[in-house]
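Here are my notes for you on this one, as numbered points. Keep the model open while you read, and look up each residue as it comes along.

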Amino acid sequence: MGQAAAAPAPSAAAVAPPKWLLAELTYRCPLHCVFCYNPVDYASRPNELDTAQWIDVLRQGRKLGAVQLGFSGGEPLLRDDLEDLVAAGRQLGYYTNLITSGIGLTEQRLRRLTEAGLDHIQLSFQDSSREMNDFLSSTRTFELKSRVAALIKQFHYPMVLNVVLHRYNLDHVGRIIDMALAMGVEYLELANTQYYGWGLVNRAQLMPTAQQLRKAEEVVNEYRERIGNRLRILFVVPDYFESRPKACMNGWGAVFLGVAADGAALPCHAARSIPGLAFPDVRETSLHDIWYASEAFNKFRGDAWMKDTCRTCEDKDRDFGGCRCQALALTGDAANPDPVCGKSAAHGELKQVVVHAHRAQAAGELKPLVFRSDANSRLLS
């Protein structure tokens, strides 16, 4: 497989503006989830953008063309200025979305967020039972989350629930759906773990079996047939069990623009895992120049960067070569074809990762789960 020669950055006219701006307001979080996608070295990045800096980012993003604005973290509710940022987003014309664990969302605060113009809330649970929810987040939060779910309904938001799936809770999919139905959820996202950040650290421990996945998907389809549009269920299969890569971020630098808590602009959530790329700081470079001119955002645009397997593939305009961070994690080179693809020379090695994880599980040789925490972040930095 030949390496394509470096190509000049595409002209601004050839690059569409971003549609989705994600503001990762903080890496602080009251939960300690073992599958968190935040960088494992987050504790080494303590300097958060202040309110004025975030509002300037929102203003620039809207001018650039972004129409959807997500507030995430960490836990964005830990920011005392969240209401101010939501209000700024509304005034600028964004559709605003809060992505939250619910910890800290009281009735008083939800009223203030509603008055500020918040459009949408996505609430996360870890499982359908108090025992597993609290174990997987290393907190006692199940009852609190249940109260928050009721509050969201009380304030007439569309009820959107997210549950990350893995081998510890895949067998509980039916109970999770029943919980969602009881809560009056309209949209349930069952997103199998993608192995970045803390999920990659705990990959062997979290890896499900193919049998678990098949059974869970059967259960989901049974519920879909039985309940119809009463609850819309999205079931996302983990890449490691596929033979076609997903169109990661709908293409690098094509739709998504993320800004991390410390001001780094990112083409995807996990982009910082790629060595050798300098991600611009929004305090030093305008979003316009970041989006159109920076090396980081142009690195994997188009197809000139692709190796032969991807560049000559008829699907390259649909899957864009798959995930660059996954290619790095599994092959050591972010420019390689995503090993999820059956055409990749490393596809067999991907399958061996699954086999080895299952062997370790069966033999009782797994290391303990590493929970997200400041102490563990410093150890892994």
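1. Let's start with Met159, which is buried, with a relative accessible area of 0%. Buried means under 20% relative accessible area, exposed over 50%, and partly exposed in between, using a 1.4 Å probe and protein chains only. You'll find Met159 in strand β5, residues 159-165. Helices (H or I, at least four residues) and strands (E, at least two) are DSSP runs, numbered from the N terminus.

2. A word on what you're looking at: this is a predicted model, where local features need pLDDT of at least 70, side-chain atom pairs count only at pLDDT 80 or more, and totals for chains, interfaces and linings use all residues. Residues are numbered from 1 along each chain as its sequence is written, and side-chain values use heavy atoms, with hydrogens and water left out.

3. What does Met159 touch, not counting residues up to four places away in sequence? Its partners are Leu123, Ala149, Ile152, Lys153, Gly184, Val185, Glu186 and Tyr187. Contact here means heavy atoms within 4.5 Å. Also try Met183: it sits 24 residues from Met159 along the chain, and their C-alpha atoms are separated by 8.5 Å.

4. Next, His166, in the loop between β5 and α6 (173-183). Is His166 buried or exposed? It counts as buried, at 0% relative accessibility. Leaving aside neighbours within four places in sequence, His166 is in contact with Phe35, Leu136, Thr193, Leu206 and Pro208.

5. After α3 comes Gly117, with a positive phi near 110°.

6. Now some backbone spots to check. The peptide bond from Gly73 to Gly74 is cis, with omega near 20°, and Gly74 is in the loop between β2 (68-72) and α2.

7. Two residues other than glycine have a positive phi. For His156, phi is near 65°; this residue lies in the loop between α5 and β5 and counts as exposed, at 72% relative accessibility. For Asn250, phi is about 60°. Asn250 is in the loop between β7 (232-236) and β8 (256-259) and, at 44% relative accessibility, counts as partly exposed.

8. Finally, zoom out. The protein has 16 helices and 9 strands. Its radius of gyration is 21 Å, close to the 21 Å that the globule rule gives for 381 residues, so the protein is as compact as a globular protein of that length. That radius is taken over C-alpha atoms, and the globule rule is 2.2 Å times the number of residues to the power 0.38. The C-alpha atoms fill a box of roughly 55 × 55 × 45 Å along the principal axes.

9. How much of the protein is buried? Buried residues make up 54% of the 381. Among contacts with a separation of 6 or more, 73% come from residues 24 or more positions apart.
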